[in-house]
Every structure is written in C-alpha cells, then in structure tokens.
Amino acid sequence: MKFLDEAKVYLKAGDGGDGVVAFRREKYIEFGGPDGGNGGRGGDVLAEAVEGLNTLIDYRYAQHFKARKGGNGAGSDRTGAASDDVVLKVPVGTVILAEDKETVLADLTKPGQTAILCRGGDGGHGNAHFKTSTNRAPRRADKGYPGEERWVWLRLKLIADAGLVGLPNAGKSTFLAASSAARPKIADYPFTTLHPQLGVVRLSATEEFVLADIPGLIEGAHEGAGLGDRFLGHIERCAVLLHLIDGTQADPAEAYRTVRAELEGYGGGLSEKPEIVALNKTDAMTPQARTSRVKALTRAAGKEPLLISGATGAGVPEALRALADTVHRAREAEG
C-alpha cells in the first residue's frame, strides 16, 4: 500500500429540508387550519479515527464528500426526515487543518475519537409554525438553511513513543531492524528510506514502545532540500529522539550540528525534546578513530554519546533501555 500522509478534501454538509404550506381539509372539521410540517435537518460531515489504517491513500482519489439534504416537510404536521451523516474514516494520529494549513480543526489521537467538521443545515419551518391568534391561516413556509462547506487538509502524524533522526545513511533503518520486527529497506546509498517506518520494540513481556524511523535530513531540509522536512511531523508526538551519528564519517560533530539546525528550523517543539545521542557503526571504526570522534561529539552535543552498532547489535540493548526509561518518565509526567 502506498504511504500518503497528506490530502486535501472538500466537505459539504447537507442543506436543511424545506418547510411546506398545507391546510387541513377533513370532513367534520369546520375551519381546518394550517398543518404544514417543518423540513428535516441536513446530514453532518464527521471524521473518525479508526484502528487498522496507517495512510491517507483513500483520500488521494476521492476528494469530495457531501451529505444529503434533509427531507421536506409534509401536510398533517409531518416533519421531513433528517439525513444520515457522512463519516470520514482516518488513521489514528490524523490532524485536520483548515484551508490555510495552520488552523487546527481537530486532532484525532485515540481510536473512536470523532470531530464534526461541517454541520448540516436546519430544516425550514412549515406554515403551522407561523399560526397565531391573529394569523389563523399563514401562507408562509421557509426554505431549509444551507449546510456548512469547506476545504480541509488531512495530515497524518504517526503515533510513536520514540523517533530516530540523523543524516542519510546514519544507520537508522538498520537500527530499527535490529531492535524490532520491522523490515525497512536497507542499502548503501542515501535516502533509502522514502517514507516513515514504525517498529514495536519489546524489552520484556510488560515493556514495549513504538519506534519511528523517518527519512534522513540534510542541510537545508527545512527549506525543501533533499526530501525536505515534511516527515518531521511524524515524530512531533514522540517523547524522546534518538540521534544517530555515522561514526565512519570524518566529522561527526558537524553531522550532529546539521541535524540539530534542521530540527530548530522546523520548529514544532522538536529541538526541545529529550535527546539521546549515539555514535553508530562502531564495528567499522578503529579504536583510535572511535576515541577521537567520541571526544568531538561530546563537545558538540554537551553529553557523552552511546556507542552502538546496528549491524552487530553491540550497544543496542543499552540504547533501547535508555529510550524506554525516557519514554516512561515522559508519559508519567503527562499523567
């Protein structure tokens, strides 16, 4: 299934049904009287977060959603039928934005959570509604009120506890494969990962967390360079970031500063999140190179990095334990 994390759709709630003008014409009722009923309410347009979906591909080709108009009123004081609502099924973690892409209309973070995006119009009044002591035979009936309509953006932000960041080829996909059952594409060229990947990390029978791997960042990503920073939204909900640095490159400190600059340029609170720094690919480094690069990275990050190798698994359990403990503390603080 193709991964799609953003879609623009048009929504139109149903108009209200029309009221009617009608009069009673029954034998043995001398004066009759108005008995035109009111129109029914138009259907609403809602969004509902459901389990089992992880992409917005359903909204790539179907982009217009309209609810039906309410039924018209009828004689004998009969109210028109209300129309059914139209429900958009979206993945958990979907944010619904107005057409300006800034105003948040709803943030659906739990299964079963719903939000009304467009309200249906009320039905118009029939002539029975306008009967008074001085106007015994009104011939007025109102049209139904129009339903709301708007364009909205659907943007998916995956629900993950921890996120992986780093330059292309830093070993993020290898680390994800080594720590979970996820099987992302792994190759020796940049931008192997083209869309976010999720993996469930199980430390024990009672401890697990969700780890997200996003495509690598390069300098200028927040301005659109490389694959840009559009996928950073998928780690906005993470409690902690694991920043992987390729230990085989000449200047790991510069690699660290590049990614940090992109996180700050993107915003969204990513630069303030708890961060664990890890020097990856230690199996491909000499002891002398490892020592010098650890010192340089410690000066740049202000903390000593973890030493890991996603290929051999060395240091991976310690990194996962540090992630799990940070996630646990963050979730406890949130209550």
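Author: This is a predicted model. Leucine 97 is a place to begin; this residue lies in strand 7, residues 94–98.

Reader: Is leucine 97 buried or exposed?

Author: The cut-off for buried is under 20% relative accessible area. Leucine 97 has 9% relative accessibility, so this residue counts as buried.

Reader: How far apart in space are leucine 97 and leucine 154, C-alpha to C-alpha?

Author: Leucine 97 touches Val152 and Trp153, among others. In sequence, leucine 97 and leucine 154 are 57 residues apart. In space, their C-alpha to C-alpha distance is 6.4 Å.

Reader: In what order do the five strands of the open sheet run?

Author: The pairing in this sheet is mixed. Strand 1 (residues 6–12) and strand 10 pair in the antiparallel sense, over seven bridges. The order of the five strands is 5-1-10-7-8.

Reader: Which strands stand at the edges of that sheet?

Author: In the order 5-1-10-7-8, an edge strand has a single partner strand, so one of its sides is left without a neighbour in the sheet. The strands at the edges are strand 5 (64–66) and strand 8 (104–108).

Reader: Which residue of strand 10 is the bridge partner of valine 9?

Author: Strand 1 and strand 10 pair over seven bridges. For valine 9, the bridge partner in strand 10 is valine 152.

Reader: How many residues does the largest nonpolar core have?

Author: In soluble globular proteins, nonpolar side chains tend to be buried together. In this model, the residues with the most contacts inside the largest core are Val9, Leu11, Tyr59, Ile96, Leu108 and Leu154. Elements that give two or more residues to this core include strand 1, strand 8 and strand 10. The number of residues in the core is 24.

Reader: How many residues are in the other core?

Author: Another core lies apart from the largest one, and among its residues are Leu167, Leu241, Ala255 and Tyr256. Its number of residues is 23.

Reader: What is the angle between the planes of tyrosine 10 and tryptophan 151?

Author: A search of the whole structure finds two aromatic pairs. One of them is tyrosine 10 with tryptophan 151, a tilted pair at 5.4 Å centre to centre. The pair links strand 1 to strand 10, its residues being 141 residues apart. The angle between the planes is 55 degrees.

Reader: Which lysine lies over the face of tryptophan 153?

Author: Over the face of tryptophan 151 lies lysine 8, at 5.3 Å from the ring centre. Over the face of tryptophan 153, at 4.3 Å from the ring centre, lies lysine 101.

How values were computed: Residues are numbered from 1 along each chain as its sequence is written. This is a predicted model: local features need pLDDT of at least 70, side-chain atom pairs count only at pLDDT 80 or more; totals for chains, interfaces and linings use all residues. Side-chain values use heavy atoms; hydrogens and water are left out. Two strands pair if DSSP finds at least two bridges between them. Helices (H or I, at least four residues) and strands (E, at least two) are DSSP runs, numbered from the N terminus. A nonpolar core is a set of buried Ala, Val, Leu, Ile, Met, Phe, Trp, Tyr and Cys residues joined through side-chain atoms within 4.5 Å. Buried means under 20% relative accessible area, exposed over 50%, partly exposed in between (1.4 Å probe, protein chains only). Contact means heavy atoms within 4.5 Å. Rings of Phe, Tyr and Trp (its six-membered ring) pair if their centres lie within 6.5 Å; planes under 30 degrees apart count as stacked, over 60 as edge-to-face and the rest as tilted. A charge sits over a ring if NZ of Lys or CZ of Arg is within 6 Å of the ring centre and within 35 degrees of the ring normal. Lists of a residue's contacts leave out its neighbours within four places in sequence.
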